[in-house]
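Hi,

Here is the model I promised to pass on. Have a look at it first, and my notes come after.

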Amino acid sequence: MSGDQPYPVFPEGVQPLENQVAGHTFEQGTDILGLLKNLDDGSILKPAGKVLCGVREIKFYETIQAATTEKDLVPLKEFIPGYKGHLKLPIDGKPVEFIKLADLTHGMLEPCIMDVKIGCRTWDPLATPEKRKAEESKYQACKRNLGMCIPGFQVYSIVNGRRMRYGKEYGKKLTEVTVKDAFRKFLNADSGLCRQLLMQFLSDLWNIQKWARTQTTYRLYSSSVLLVYDARRLKPVLQYQTKSLNSSSAKLNNSSGNLSGTSPAHSSGSSSRPSSPTQVVPVGTDSGVEPLQHYYKIQRSHSTMNNYEEDMKAMRENYVFMRDNLVGSYESKVWASARMIDFAHAFPAEEPGTIDTNYLQGIESLVRIFEEFLKECEAQNAPKQGVA
């Protein structure tokens, strides 16, 4: 790519991925190429990069795809993006190898995306001394204390709908304390922590954590967990759960001392927030999830009798949201997920039978932060007697 040519020449039906938040991105006047989007099938095309790294990552995906009984490999099928093979495409007339992956944000109207790099050590066994030194100088505070860091994220504000992007320079300044502020920005926590959002993330993170605590096959260096959710889905859930909290509090205050029928499990998933246009949670979304219970309870649909009249009334009052509901593929009850990505530096375990403590430290820290948010959410949103 020459300096006077702003973009490389892509094949028809392929364009740069607008939502890339971390990793190598296109830079004018260089041969650096970022993630691409295949417009034909919506898949993500990841450049294989350096030859050895590309071969290693392709082998990782194909090994996981072919696994049938291996206890360390089969679970990973649920923790990584769908692998759709690899292919070569002409970029500026030169063949470039790409890994084809499912788009984790497919169907999202306002995709919020965060890349969390896992591990204090991000250089692999083949790294040169220069590479090791460069890696050790990055994100020092977070990596040293938490075994993880945040190279970048984007979030749509549910207050004004604007997209905000935070890159590596922001991430490098984060510390063990301020990293929680970054997660709060990402979660739109100024409008209240949402139990349903936290539970959807935690259900995936707990599974990854469980795998990392026992797997002895791989050492993952410079690998990430990608957190994604749809801010358009968060807005109505927050408002609906705020209404549920107010309703639960009112019932508690109006009761004659018999509180057996009132439980924090049926309270809101967020604290109160400034008023916004009326929205309605899609029918089938479960707003009453007991903390730390199995994830399937989030996915329960309302029975035909449960909240039927209230849901119908709200939908009649807001036909605009009904339209967005149809356009945005809202039939899925899961609108947030965490997936393991980036395996260019996945190596066999040096010492058979030992766990990857480097990766485990990072995922334990990530889980702990989200569990703390969940506890905070529960404490803030339990119905309180004497508060109307």
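Predicted model: local features only at pLDDT ≥ 70, side-chain atom pairs only at ≥ 80, totals over all residues.

Residues are numbered from 1 along each chain as its sequence is written, and side-chain values use heavy atoms, with hydrogens and water left out.

**The chain as a whole**

The protein chain has 10 helices and 12 strands (DSSP runs numbered from the N terminus: H or I of at least four residues for helices, E of at least two for strands). Of its 388 residues, 50% are buried (buried is under 20% relative accessible area, exposed over 50%, partly exposed in between, with a 1.4 Å probe and protein chains only). Taking contacts with a separation of 6 or more, 77% are between residues 24 or more positions apart (a contact is heavy atoms within 4.5 Å).

**The sheet**

Five strands make an open, antiparallel sheet in the order β8-β7-β6-β10-β11 (strands pair if DSSP finds at least two bridges between them). β8 (163–166) and β11 (336–341) are the edge strands, each with a single partner, so one side of each has no neighbour in the sheet. On average, neighbouring strands are turned by 15 degrees against each other, direction ignored (axes are lines fitted to C-alpha atoms, for helices over the stretch in contact, and angles run from 0 to 180 degrees between N-to-C directions).

Take β6 (residues 111–118): eight of its eight residues are buried. In a regular strand, side chains alternate between the two faces of the sheet. In β6 both faces are covered, with Pro111, Ile113, Asp115 and Lys117 on one side and Cys112, Met114, Val116 and Ile118 on the other. β6 pairs with β10 (residues 223–230) in the antiparallel sense over eight bridges, and Met114 stands opposite Leu227 there. Five bridges join β6 to β7 (residues 148–156), also antiparallel, with Ile118 opposite Met148.

β10 and β11 pair over six bridges, antiparallel again. Val228 has Ser337 as its bridge partner in β11. Helix α6 packs on this sheet, touching β10 and β11, and its direction makes about 30 degrees with that of β11.

**Ile341**

What does Ile341 touch beyond its neighbours within four places in sequence? The list is Pro81, Asp115, Ser223, Ser224 and Leu226. Ile341 lies in β11 and is the bridge partner of Ser224. Its C-alpha is 6.2 Å from that of Ser223, although the two are 118 residues apart in sequence. Ile341 counts as buried because its relative accessibility is 11%. As for the rest of β11, five of the strand's six residues are buried.

**The helix pair**

α6 (residues 195–214) packs against α10 (residues 357–381) at about 155 degrees, with the axes 9 Å apart. That makes α6 roughly antiparallel to α10 (roughly parallel is under 35 degrees, roughly antiparallel over 145, roughly perpendicular 65 to 115, and the rest oblique). Residues in the contact include Leu198, Leu202, Trp206 and Arg213 of α6 and Ile363, Phe370, Leu374 and Glu378 of α10.

Cheers
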